[in-house]
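The following paragraphs are meant to be read alongside the sequence and the coordinates, moving from a single site out to the whole chain.

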Amino acid sequence: MLIAANKAVSIDYTLTNDAGEVIDSSAGGAPLVYLQGAGNIIPGLEKALEGKQVGDELNVSVEPEDAYGEYTAELVSTLSRSMFEGVDELEVGMQFHASAPDGQMQIVTIRDLDGDDVTVDGNHPLAGQRLNFQVKIVAIRDASQEEVAHGHVHGEGGHQH
Ligand SMILES: [Zn+2]
């Protein structure tokens, strides 16, 4: 069976940045299970995995435009502390969920604190970075109709609901 749209795919992977630092890895844990063609993983990796089979190993370098996007200075803004009512203590590096102008939920990270000014960054933490994946395909199966309808995988390694 080859990886194609609507297949549930299990992969072992290690993700490193260009400096060789490990950002994420399934090593020592369960494989990542995702639904091919549903945008569960970044586009560049999904494209590279298309047509592959169990046992295949590949190294994929994904440019920012096919990963988490370019770093956008416009996503950095300065807010007043009063916007963070209910948060006891603000710290650099804290992350919050916020809704973007297009209604999408995004995560913003506090970059700087200066008096009443809170500088937040809506870029994905991996924006602007080339991502290097070392991937081994562990399993491929047909997704159920329900999984396809939901756009994600159920059961072990997937959504539990
Ligand atoms: Zn579901």
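A residue is called buried when its relative accessible area is under 20%, exposed when that area is over 50%, and partly exposed in between, with a 1.4 Å probe and with protein chains only taken into account. The model is a predicted one, in which local features need a pLDDT of at least 70 and side-chain atom pairs count only at pLDDT 80 or more, whereas totals for chains, interfaces and linings use all residues. Residues are numbered from 1 along each chain as its sequence is written, and side-chain values rest on heavy atoms, with hydrogens and water left out.

Histidine 152 counts as buried because its relative accessibility is 15%. This histidine 152 is placed in the segment after α2 (145–150), where helices (H or I, at least four residues) and strands (E, at least two) are DSSP runs numbered from the N terminus. Leaving aside residues up to four places away in sequence, histidine 152 touches Leu35, Asn40, Glu147, His159 and His161, a contact being heavy atoms within 4.5 Å.

Histidine 152 also takes part in a metal site: the zinc ion is coordinated by His150 (ND1), His152 (NE2), His154 (NE2) and His161 (NE2), at 2.0 to 2.1 Å. Donors here are N, O and S atoms within 2.8 Å of the metal (3.2 Å for Na, K and Ca), and since water is not among the atoms, sites may look incomplete. Along the chain, the donors of the zinc ion follow the spacing H-x1-H-x1-H-x6-H. The arrangement is tetrahedral because the four donor atoms around the zinc ion subtend angles of 98 to 127°, the requirement for four donors being that all angles lie between 85 and 135 degrees. Histidine 154 is buried, with a relative accessible area of 14%, whereas histidine 161 counts as exposed at 65% relative accessibility.

Turning to the chain as a whole, the protein chain holds two helices and nine strands, and from the N terminus on its elements run β-β-β-α-β-β-β-β-β-β-α. The domain assignment, which comes from an automatic or database source, gives domain 1 (7–68 + 127–150) and domain 2 (73–121), and the C-alpha centres of domain 1 and domain 2 lie 30 Å apart. Taken along the principal axes, the C-alpha atoms of the protein chain fill a box of roughly 60 × 35 × 30 Å. Of the 161 residues in the protein chain, 32% are buried.

Key. Tetrahedral: all angles 85-135°; square planar, octahedral: opposite > 155°, others 65-115°.
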